[in-house]
Amino acid sequence: MPTTQLGHPIDQRTDALNLPLPHIDNFHEDDVPRLRAAFELLDTFLQLISLSLADKLDATSLTKAMVGLGNVDNTSDADKPISTQVQAAFEVLAQALADKQQRLESGENIKTVNGQSLLGAGGITVGDEAAAVVAGDWNTIPAVNRICVGADLANAPTAGRVVVAQIVDTDSGLIAQTAYPAADAFGRVFYRQKQGGTWRAWRQLAQQSEAIIDLAGGAIDCSKGSRFYEAVAANRTLTVTNIPAAGIDYGLQLEIALTAGVITHFANVIWPNGVAPSLAVNKRHLLYFSRSRDGTKWYGAYLQAYPL
């Protein structure tokens, strides 16, 4: 039951909008008008809010600023500038790289090959044929590491065009040459070296197949190979040149088709039981010679009297 006097209600209000609130001790005759007034105020307030939102959401009048996006644009990523802070960071990085990087300069911090820069387009020529062989002599190549080409030159291992690779050891003074005959049907490879101012004889190192070398006048050149042949029709004295140095393994085979004459062997040959073969005419004979370890003699052997 109300405890207040009619017409004198307890007047409590809301904090935000100061709207009247009902009270249990008030007469309803007092609270109903008060609550009615409060609802009318709320209705008016909500109406104003609705109108304001409708105005802001109008597609023709809505702007980025209305929704707090005033700094947003639709520029493509490719066209967006970077910030001042990012630009400054990039500049610091670029300077650090520049400090670490050294410009490449031919002949300064990039080596050259025979005076030719490694930079640029095109190939590099190793060696110079015109300057490599002086006066047409393989003995006179300048003492540098290089590859040379020449044809029918003095002191060559074979006739014709030859490719020579020369290696120089400046500490010991050793000069080594490896020669590759360009048109050699047997794929032979030759080697020689110069030390103490003297060239040693060319020595055949290898070949794809063994060539049988035709002799003239019984002259055996050990640097040409190890298999020789001669058809003999008169007295013949055998000679041997370019013998490998002592301690180097070397042996040769000589096939003789003898139709006339007597064969005289070169010096320092030791035969089995000290007896040289007596070679019959109109027969084919096979002679074998092996160099002794100390290089002072040859050990001879033979197979004889085969049919021509």
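I looked up the sheet: six strands form an open sheet in the order β11-β13-β16-β19-β20-β18, with mixed pairing. Its edge strands, β11 (212-214) and β18, each pair on one side only. Strands here are DSSP runs (E, at least two residues; helices are H or I, at least four), numbered from the N terminus, and two strands pair if DSSP finds at least two bridges between them.

The model is predicted, so I note that local features need pLDDT of at least 70 and side-chain atom pairs count only at pLDDT 80 or more, while totals for chains, interfaces and linings use all residues. Residues are numbered from 1 along each chain as its sequence is written, and side-chain values use heavy atoms, with hydrogens and water left out.

I then checked β19 (residues 283-291) against β20: the two run antiparallel and are joined by seven bridges. Tyr288 stands opposite Ala301 in β20.

Next, aromatic rings. I took Phe, Tyr and Trp (its six-membered ring) as paired with centres within 6.5 Å, calling planes under 30 degrees apart stacked, over 60 edge-to-face and the rest tilted. The count is five aromatic pairs. Phe266 and Trp298 are edge-to-face, because their ring centres are 5.6 Å apart and their planes at 70 degrees. Phe266 lies in the loop between β17 (263-264) and β18 (269-270), and Trp298 in strand β20 (residues 298-306), 32 residues apart.

I looked up burial for both (buried under 20% relative accessible area, exposed over 50%, partly exposed in between; 1.4 Å probe, protein chains only). Phe266 is buried at 8%, and Trp298 is buried at 1%. Ring pairs link Tyr250, Phe266, Trp271, Phe289, Trp298 and Tyr302 into a cluster.
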